[in-house]
Amino acid sequence: MSFAVGSENRPFQVDLHGVVDLLSRHIYSGPQVYLRELIQNGRDAIASRHENEGSAGRREIRIFPVTAENPVFRLDDDGVGLNADEMSQLLATVGRSSKRDIFDLPREDRLGQFGIGLLSCFMVTDEIEVVSRKAGESAVRWVGFAAGTFSVTVLDDLDLPVGTSVRLRPRADEAELCRHAKVTELATRFAQYLPVPILIANASGGFDAINRPPVFALTGEARLEHRGDILELGTQLLGARPLDVIELGGPATGTRGTAYILPYAPPPSARAAHAVYLGGMLVDARNQDLLPEWAFFVRAVVDSSGLKPTASRESLVADESLEATREELGAALRAWIIRVGTSAPHKLAEFVSIHQLGLKSLVAHDDELASFLTRWLSVETTAGRMSIEDLIARQKHIRYTESLEEFRQIAAIVPAEDPVVNGGYVYDAEIIRRLPFLFEGTSVDKVELASLLDSLAVPALSERAAVLDFEQRASAVLTAFDVQVGVRSFAPSDVSALYLADDAVLRGMQRSAARRVASSLWNDVLAKAEKSLETASELNGQLAKATLCANWDNPLIRTLAQSSDEAVFNRTIKLLYVQAMLAAHLPLGVAQRNLLSESLGDLVQLSLNH
């Protein structure tokens, strides 16, 4: 015999249609969360029963997906159960944390803290039936309808086991979410690490268990024993074997887990995606706030008992607990870098080579990271690529160029014992400029091409007349290309000439090219701008125009200076000009390419005639 508590259906205290719309559109990510909410409630009910009765006996959650023969989805748990009063308050009061209040449960030991969990089922069904029995009391049936009513019935004549059974008849458009394949996928994603056995009924009449141990959260000896399993999990997560694994711990919030070092450089647009579990239940599979922003090179999996979920339980509340945890986990990552740098420098070198660009971007703008990470980064120098630590050990005064073009122009004449750093790559110049603040006794100086030209040795006074004559003849040959010629003596002597054009000169050449194709109005504007910029360059000690610096110690230059054959002289100077541009890795324009072809043709013709 059964009877109803109250003679008529009683209305909810809110517009249920509006609440369901709010849940589906603004709180939950989608209707698939219905299963997570049901498993969460079952897990909490079992935890409560363990507290009340002890841990004797096996208590589990059993899930019966929709089949062709049975269109009803069912989830049973061996939890503490509910009576009629608790059902009325717990299942029909929207927005109240009634589960915790009725059971007098501590907040940190329960996943479900909000009275909206069961209502998420209305995203897949129009009717929810809950049958439950508390120890020593009669079974109770609660039925809620999407129309906004519910009923509670006490079932005196049924001898049901202690626990709760939830039944749903899914709508046709959401039926797939309640079938075996999808239920297994969702339950595994959300609850595979729960300490409560979760069984899913299969077609053969038995059950499949989805639980697996959270090896990523192990500590001490157990972690060492399962290192292979931890690495396998990381391989599944990253799609490749991790470069290394780091144990993470946040004692302030009871957070434990593992960070996996990416074995590849993530795309610039990639965002962090850390998996966060609370008490074994997945809260956020793509969390971006768990680790510091600079920790782009890791993906973490953690379980916590102290971090707080949002109302949807699909992300974390950004509070002091999360901030404290982020600092603790960030400290573990820093400790790994320092430890590996000391004990396994080869591994750190591999790590830095993979994530070089990202690490440089952090060091360039993050004082805290720069203080312990800069030394392991590498830069290109005229003596080859070397780490900043080796560079500083080699010389305390470090010279660098601002651009790749300037570096290439001077690379051939810089002595190996005093290398110049190429600051043309992204972030390198910023990092070099910060070195005096990071390493005591270090100074830096930017190389100016005009200053470099002035620092080169001037030929002996006794040869001054020959030098001036050579400069005038050569400059006249290159007048059409807006290039001036200077003569200096420098090593190595096999370098016949250098092409020097700093960034201001290169930009001026681009403006000149634009003038040649511009209308008369813009031609005048560009001409005035160019004249103004040339004056400013001279005042700032920069090159006024591109310079071909001939090496007086080079035998070819000496021979050419003595040549009275103007045809040979002119063609050779033009070839030296193009050769110097190519040596500096500068692109040849149409005029330079034509000049190269004509000069080679003329020299061949002269040779044949001779």
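Helices are taken as DSSP runs of at least four residues, numbered from the N terminus. In this predicted model, Leu90 lies in helix H3, which spans residues 84–92.

Helices are taken as DSSP runs of at least four residues, numbered from the N terminus. In this predicted model, Leu90 lies in helix H3, which spans residues 84–92. The C-alpha atoms of Leu90 and Leu118 are 9.4 Å apart, with 28 residues separating the two along the chain.

Helix H10 (residues 356–365) is mostly covered, with 7 of its 10 residues buried. These are Gln356, Gly358, Leu359, Lys360, Leu362, Val363 and Ala364. The elements that cover the buried residues of H10 include helices H9 (345–354), H11 (367–373) and H14 (428–438), together with strands S16 (378–381) and S17 (384–387).

Three strands form an open sheet in the order S21-S23-S22, and the pairing is mixed. S21 and S22 are the edge strands, each pairing on one side only. From one strand to the next, the twist averages 25 degrees. S21 and S23 (residues 546–551) run parallel and are joined by 6 bridges; Val487 has Ala550 in S23 as its bridge partner. Helix H16 (residues 464–477) packs on the sheet and touches S21 and S23, its direction making about 160 degrees with that of S21. Helix H20 (residues 566–583) also packs on the sheet, touching S21, S22 and S23, and its direction makes about 60 degrees with that of S22.

Ser496 is located in the loop between strand S21 (483–488) and strand S22 (497–500). Ser496 counts as buried because its relative accessibility is 11%. Leaving aside residues up to four places away in sequence, Ser496 touches Cys549, Ala550, Asn551, Asn554, Ile557, Leu576 and Gln579.

Terms used: Residues numbered from 1 in each chain as written. Predicted model: local features only at pLDDT ≥ 70, side-chain atom pairs only at ≥ 80, totals over all residues. Heavy atoms only, no water. Helix = DSSP H or I, 4+ residues; strand = E, 2+ residues; numbered from the N terminus. Buried < 20%, exposed > 50% of the residue type's maximum accessible area, 1.4 Å probe, protein only. Contact = heavy atoms within 4.5 Å. Pairing = 2+ DSSP bridges. Axes fitted to C-alpha atoms, helices over the stretch in contact; angles between N-to-C directions.
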